[in-house]
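Please look over this model before our next discussion. My notes are set out below, point by point.

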Amino acid sequence: MKVAIVGGGLAGLTAAISLAREGIEVTVFDPKPRESNSYLAQAGIAFPISDGDSLLSHVTDTIRGGKYLNDISVVWNVISKSTEAYHFLTSLGVEFTNRELEGGHSFPRIFTIKNETGKYIIPVLEKHAKEVGVNFIRKFVDEIAIYNKKVIGVFVEGSLLYFDAVIIASGGFSGLYRFTAGNSENLGIPIGDLALKGVPLRDIEFVQFHPTGFIGKRTYLISEAVRGAGAKLVTGEGERFVNELETRDVVAREIYRKMLEGKGVFLDATGIEDFKKRFPYIYSFLRREGINPKRDLIPVTPVAHYTIGGISVDAFYRTPVKGLYAIGEAACNGFHGANRLASNSLLECLVSGIEVSRTIIREKPRGERREVKYYGYELGNVDEVREIMWNHAGIIRREESLRLGLKKLKKVEADPRVKLLAEAVLKCALARKESRGAHYREDYPHSREEFRRPSIFREGTCML
Ligand SMILES: Cc1cc2nc3c(=O)[nH]c(=O)nc-3n(C[C@H](O)[C@H](O)[C@H](O)COP(=O)(O)OP(=O)(O)OC[C@H]3O[C@@H](n4cnc5c(N)ncnc54)[C@H](O)[C@@H]3O)c2cc1C
């Protein structure tokens with residue numbers, strides 16, 4: 001059996017290793033694996049495995065944080081596999097250095113490596129993947145080839161390469177927003193490509209903004225762990241206006257409101273005695289930007305950070321297309337609900353990577369050699385799309401603004417896959433006439449029980 005994996009972040013690498021260990025021929029396509037969001041991940045991974053913690057506590061936190069939109073069976077499934085995910089990493093030689101508390105978690109269960117967790121983990125996985133025979137091709141997958149609801153392979157540089165199964169592990173699409181904490185090239189092209197081919201997307205309106213981005217010479221995240229260690233959020237006048245350990249949506253919104261009032265917002269970390277030792281990478285980054293966190297306030301702004309929605313998959317990471325699977329941030333099966341808890345996404349990457357390999361081994365999909373049309377899209381003006389998303393489908397949304405966003409989008413000359421994905425966010429945000437988790441509607445500021453269900457975007461329409 002030949003399996004293609006689109007994306008070499010944590011989800012893709014975990015699936016690749018798990019499949020290759022079973023003797024399956026695996027090829028990972030990724031032009032820039034060292035620029036993945038997995039590599040950039042700072043804080044860590046939530047594992048509810050320490051003395052005093054419990055699966056139930058982590059499940060409850062995840063559902064509470066997700067504002068009760070989560071698929072409870074998926075939440076149990078993922079969290080109950082956390083010991084396996086932890087073992088997967090440690091058995092490869094990964095050694096965690098700290099355990100931290102982060103917003104929304106009721107126990108210090110975030111396992112980190114010197115607050116540069118991704119940078120330490122990814123090379124270990126890449127090395128092991130090579131040892132077990134995974135092929136790496138540093139190329140972008142242009143399109144996914146599907147015929148009659150069955151995957152045929154992938155197009156690379158216009159050529160069709162045949163595979164029995166294809167796993168989409170291409171990450172999210174926060175690069176579709178003007179300010180993002182992650183890789184700005186994360187445009188969600190494979191997600192848009194599949195949407196154009198009739199594959200449903202789920203909960204696509206839920207876009208998480210990280211409350212404390214630092215926009216200096218580079219955009220950088222001041223991780224939640226810094227607030228967990230006691231840093232306070234203040235305005236320029238020294239006013240404290242939010243509980244710093246609230247979930248990300250609440251903190252991001254409150255910062256954004258202060259900014260709309262024309263006020264600067266800062267993180268005051270001067271009270272953290274051992275800042276340099278606990279957060280060495282953040283410390284040296286700030287020093288390079290001319291800020292000494294022991295003495296100076298750190299200016300912050302919310303940035304698009306994580307896209308909760310994605311390709312709709314079931315609990316076994318299957319799409320409705322035969323032989324096509326999706327994992328990690330590219331996929332959505334209701335684990336995060338309406339709001340992802342900090343450090344739950346890397347856990348999901350590990351579990352979905354392990355789980356999808358079992359699904360494929362069980363299902364043994366068989367490929368088919370046939371010609372499939374190649375579209376050869378051009379990227380076009382993505383900056384205009386980014387501006388529309390930031391202004392009309394951002395932190396605070398309203399009906400007129402969402403409609404205006406859709407109108408503007410129609411006029412943009414850009415890749416139809418990027419446009420369709422942007423349209424999906426705008427349309428589902430419009431359809432969800434309530435506020436829940438990461439989705440905040442100023443005109444419907446409360447959650448409404450009749451909307452406590454997932455949204456599905458298919459063939460240009462959002463069903464809720
Ligand atoms: C700055 C930052 C810090 C974070 N910190 C944490 C944290 O501490 N804990 C946590 O749980 N989460 C964190 N997150 C979120 C987390 O890092 C991501 O959700 C997670 O890494 C996603 O992993 P992934 O494997 O699904 O995708 P990614 O890591 O995004 O990898 C996807 C890969 O696919 C490749 N790709 C995309 N399209 C194609 C294509 N068409 N063909 C070939 N390759 C393609 C990309 O180049 C990329 O390398 C953070 C995110 C950011 C941005």
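The points run from the whole chain down to single residues.

1. **Ground rules.** This is a predicted model, in which local features need pLDDT of at least 70, side-chain atom pairs count only at pLDDT 80 or more, and totals for chains, interfaces and linings use all residues. Residues are numbered from 1 along each chain as its sequence is written.

2. **Overall build.** The chain has 15 helices and 22 strands. Both are DSSP runs numbered from the N terminus: helices are H or I with at least four residues, strands are E with at least two. The radius of gyration is 21 Å, close to the 23 Å that the globule rule gives for 464 residues, so the chain is as compact as a globular protein of that length. That radius is taken over C-alpha atoms, and the globule rule is 2.2 Å times the number of residues to the power 0.38. Along the principal axes, the C-alpha atoms fill a box of roughly 65 × 50 × 40 Å.

3. **Burial and contacts.** Of the 464 residues, 53% are buried. A residue is buried if 20 or more other C-beta atoms lie within 10 Å of its own, exposed if 12 or fewer, and partly exposed in between; the C-beta atoms are placed from the backbone. Take the contacts between residues at least 6 apart in sequence: 74% join residues at least 24 apart. Contact here requires C-beta atoms, placed from the backbone, within 7 Å.

4. **Domains.** The assignment gives domain 1 (2–202 + 305–363), domain 2 (208–304) and domain 3 (381–463). These bounds come from an automatic or database domain assignment. The C-alpha centres of domain 1 and domain 3 lie 24 Å apart. Their contact takes 27 residues from domain 1 and 25 residues from domain 3. On the domain 1 side, α7 (189–196) and β11 (201–202) are the elements that give two or more residues. The largest share, 6 residues, comes from α7. By class, this side of domain 1 has 15 nonpolar, 8 polar and 4 charged residues. Nonpolar covers Ala, Val, Leu, Ile, Met, Phe, Trp, Tyr, Cys and Pro; charged covers Asp, Glu, Lys and Arg; the others, Gly among them, are polar.

5. **Leu420.** Which residues does Leu420 touch, leaving aside its neighbours within four places in sequence? They are Gly192, Ala195 and Leu196. Leu420 sits in helix α15 (residues 416–431). It is buried, with 21 other C-beta atoms within 10 Å. The C-alpha atoms of Leu420 and Gly323 are separated by 23 Å, and the two residues are 97 apart along the chain.

6. **Ligand shell.** The ligand is surrounded by 41 residues, and the closest are Gly7, Gly9, Gly171, Gly182 and Gly328. A residue is counted as near if its C-beta atom, placed from the backbone, lies within 6 Å of the molecule. Elements giving two or more residues include α1 (10–20), α7 and β17 (301–307). Helix α12 gives the largest share, 4 residues. The shell divides into 20 nonpolar, 18 polar and 3 charged residues.

7. **Strand β17.** In β17, 6 of the 7 residues are buried, so this strand is largely enclosed by the rest of the structure. Strand β12 (residues 207–215) pairs with β17 in the antiparallel sense over 5 bridges. Pairing requires at least two DSSP bridges between the strands. Phe209 stands opposite Ala304 in β17.

8. **Strand β15.** In a regular strand the side chains alternate between the two faces of the sheet. In β15 (residues 265–268), Val265 and Leu267 form the covered face, while Phe266 and Asp268 form the uncovered one. Strand β14 (residues 232–235) pairs with β15 in the antiparallel sense over 4 bridges. β15 also pairs with β16 (residues 298–299), again antiparallel, over 2 bridges. Leu267 is the bridge partner of Leu233 and stands opposite Ile298 in β16.

9. **Positive phi.** Most residues other than glycine have a negative phi. Lys149 has a positive phi near 60 degrees. This residue lies in the loop between β7 (143–147) and β8 (150–156). With 14 C-beta neighbours inside 10 Å, Lys149 is partly exposed. Glu459 has a positive phi of about 50 degrees. Its place is the loop between β21 (456–458) and β22 (461–463). Glu459 is exposed, with 10 other C-beta atoms within 10 Å.

Definitions and conventions
Two residues are in contact if their C-beta atoms, placed from the backbone, lie within 7 Å.
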